[in-house]
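Here are my notes for your first look at this model. Keep the structure open beside you and take the points one at a time.

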Amino acid sequence: MTDPLWHYWVVKDGGKIVGFCIARYGEKRNILEAIHLLLHYQGQGIGKQLLDKALNWLGRSKDIELGVSEYNNYAISFYEKFGFHKTGKSLNDEMTVLPSGRVIPQIEMLLPSLK
Ligand SMILES: CC(C)(COP(=O)(O)OP(=O)(O)OC[C@H]1O[C@@H](n2cnc3c(N)ncnc32)[C@H](O)[C@@H]1OP(=O)(O)O)[C@@H](O)C(=O)NCCC(=O)NCCS
């Protein structure tokens, strides 16, 4: 069944999936859940195309939030290019805890609405 609150984009090279992006509508804010490309496909403008699609689908009527590892400078710069900024908030949910128990520190970034 399709959930109208979620949208997935998949990047394929031939038959192989090489990247994806997931976005969802939230109550107060919309959310960019994930964006990921295999290493070989990074730095070629594909991430920009994916994020453009996600931002178009989400619209700008609500703030858009995302979580990113605090040491992922590449992704942080990438999001900043689109107008996201660090909110200063740390995120600690179950997704950031590895099976070993180690925690990957995640920070919140926000793209303000255009309302
Ligand atoms: C982060 C990610 C999605 C970016 O996608 P990408 O295809 O590599 O980025 P693009 O080639 O589309 O770059 C888009 C723009 O960001 C810029 N950019 C990319 N990395 C940058 C960096 N480290 N510093 C400054 N600008 C950067 C590019 O120059 C480009 O700008 P331009 O349009 O003005 O030329 C991709 O690298 C990725 O999947 N990384 C691994 C997974 C990851 O970290 N995901 C995010 C976790 S939340």
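1. Let's begin with a term. Helices (H or I, at least four residues) and strands (E, at least two) are DSSP runs, and they are numbered from the N terminus. Please also keep in mind that this is a predicted model.

2. Now find the ligand. Which element gives the most to the shell around the ligand? The answer is α2, with five residues. There are 17 residues around the ligand, and those that come nearest are Leu37, Gln42, Gly47, Lys48 and Ser77. Two or more residues of the shell come from each of β3 (30–37), α1 (46–58) and α2 (73–81). By kind, the shell holds seven nonpolar, eight polar and two charged residues.

3. Next, trace the sheet. Six strands form an open sheet with mixed pairing, in the order β1-β2-β3-β4-β6-β5. At its edges you will find β1 (6–13) and β5 (85–91), each of which pairs on one side only. Neighbouring strands are turned by 25° against each other on average, direction ignored.

4. Strands of a sheet pair through backbone hydrogen bonds, either parallel or antiparallel. The pair β3 and β4 run parallel and are joined by two bridges; Asn30 stands opposite Ile64 in β4. By contrast, β5 and β6 (residues 106–111) run antiparallel, with four bridges between them. Here Lys86 has Met109 of β6 as its bridge partner.

5. Now come back to α2, the helix from point 2. This helix packs on the sheet, where it touches β4 (64–69), β5 and β6. The direction of α2 makes about 160° with that of β4.

6. Finally, look inside. The largest nonpolar core has 16 residues, and Ala23, Leu32, Ala54 and Leu66 have the most contacts inside it. At least two residues of this core come from each of β2 (16–24), β3, α1, β4 and β6, and α1 supplies the largest share, four residues.

Notes
Residues numbered from 1 in each chain as written. Predicted model: local features only at pLDDT ≥ 70, side-chain atom pairs only at ≥ 80, totals over all residues. Near = placed C-beta within 6 Å. Nonpolar A, V, L, I, M, F, W, Y, C, P; charged D, E, K, R; others polar. Pairing = 2+ DSSP bridges. Axes fitted to C-alpha atoms, helices over the stretch in contact; angles between N-to-C directions. Contact = placed C-beta atoms within 7 Å. Core = buried A, V, L, I, M, F, W, Y, C linked by C-beta atoms within 7 Å. Buried ≥ 20, exposed ≤ 12 C-beta atoms within 10 Å, placed from the backbone.
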